Amino acid sequence: MFDLQGKRVVITGAAGGLGRAFAHGFSDAGASVLAADLDLAGAKETMTNRPGGAIALDVRDMESCTRCIAAAIDTLGGVDVLVNNAAIYAGLTRAPFDEITSDMWDQVQAVNVKGTWQMCKAATPALRAAGGGAIIQIGSATVSSGSPNWMHYVASKGAIHAMTRVMARELGADAIRVNTLAPGVTMTEASLDHFDNARSYGAANAALRRNADPQDIIGAGLFLASAAAAFVTGQTLTVDGGKVFS
Ligand SMILES: NC(=O)c1ccc[n+]([C@@H]2O[C@H](COP(=O)([O-])OP(=O)(O)OC[C@H]3O[C@@H](n4cnc5c(N)ncnc54)[C@H](O)[C@@H]3O)[C@@H](O)[C@H]2O)c1
């Protein structure tokens, strides 16, 4: 039921962090993976000695999204699963909502919201051609917690949570399931750079009293991609050790 043998998986933002952990998790579960990222060298490194490939992708550019899916069809033979993980997260400037500049706002929405939409648009014909599949959107537990000082990011992730519900309804008849995986603070390089005290940041508020390592998040992605989740769509699966209950 949880078997991903033979599944063809496109993962965006797969040059490092959670994207790389997803790529390795899917690959270890038997899937072939196309790792796509602005950082092609990082994406190639992710796929060293693993079945699949790597491609340069800028999710802000619709043509680049279309090329990415065409490459997945060439390299993997089709697409069964799309993981929309690319985002502006590393290097994000935190500021009170009334000090966020228009530029900061637009940059985050262009990647996190429009980029996610564009990849869904590009991948849908391939998912339909495969007879169905799964889209997994990487959202964030910040949408439920309302974390202060990064409203541009929280709003972008809130949009993704909402887009999941619309697409689940629009694509359900094609047997394409769309779900959001919403991680809490996870110890990627980006988090370790972003927070002074990443490991303990808010950890006391978690039922499990700690923040996540990437490996804590991956299983939920594998589940949402697998036949075990065959009747799960339009949902937000929060994986944060029990900080928020959505
Ligand atoms: N780490 C956390 O604590 C945490 C918590 C909740 C949600 N998330 C989400 O998980 C995902 C991965 O987070 P991470 O910690 O690995 O961060 P990260 O910054 O390491 O990963 C983001 C990846 O997206 C890529 N990217 C950025 N802009 C792009 C573009 N225009 N086109 C293609 N690729 C682009 C980057 O090169 C990078 O490899 C993100 O969606 C993030 O918002 C992370």
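A residue is called buried under 20% relative accessible area, exposed over 50%, and partly exposed in between, with a 1.4 Å probe and protein chains only. The model is predicted, so local features need pLDDT of at least 70 and side-chain atom pairs count only at pLDDT 80 or more, while totals for chains, interfaces and linings use all residues. Residues are numbered from 1 along each chain as its sequence is written, and side-chain values use heavy atoms, with hydrogens and water left out.

**Exercise 1.** Determine whether H194 is buried or exposed, and describe its surroundings.

*Solution.* Begin with the location: H194 belongs to helix α7, residues 189-194. Helices (H or I, at least four residues) and strands (E, at least two) are DSSP runs, numbered from the N terminus. Next, take the accessibility: because its relative value is 17%, H194 counts as buried. Then list the contacts, where contact means heavy atoms within 4.5 Å. Apart from neighbours within four places in sequence, H194 touches Y89, L92, R94 and W150. Finally, consider A72, which lies 122 residues from H194 along the chain; their C-alpha atoms are 32 Å apart.

**Exercise 2.** State where N85 lies and which residues it contacts.

*Solution.* First, N85 is placed in the loop between β4 (81-84) and α4 (102-129). Second, N85 is buried, because its relative accessible area is 12%. Third, leaving aside neighbours within four places in sequence, its contacts are T12, G13, L18, G19, F22 and I138.

**Exercise 3.** Give the order of the strands in the sheet and identify its edge strands.

*Solution.* Two strands pair if DSSP finds at least two bridges between them. The open sheet has 7 strands in the order β3-β2-β1-β4-β5-β6-β7, with parallel pairing. Its edge strands, β3 (52-56) and β7 (236-239), each pair on one side only. From one strand to the next, the twist averages 15 degrees. Within the sheet, 5 bridges join β1 (residues 8-12) to β2 (residues 32-37), and I11 stands opposite A35 in β2.

Key. Axes fitted to C-alpha atoms, helices over the stretch in contact; angles between N-to-C directions.
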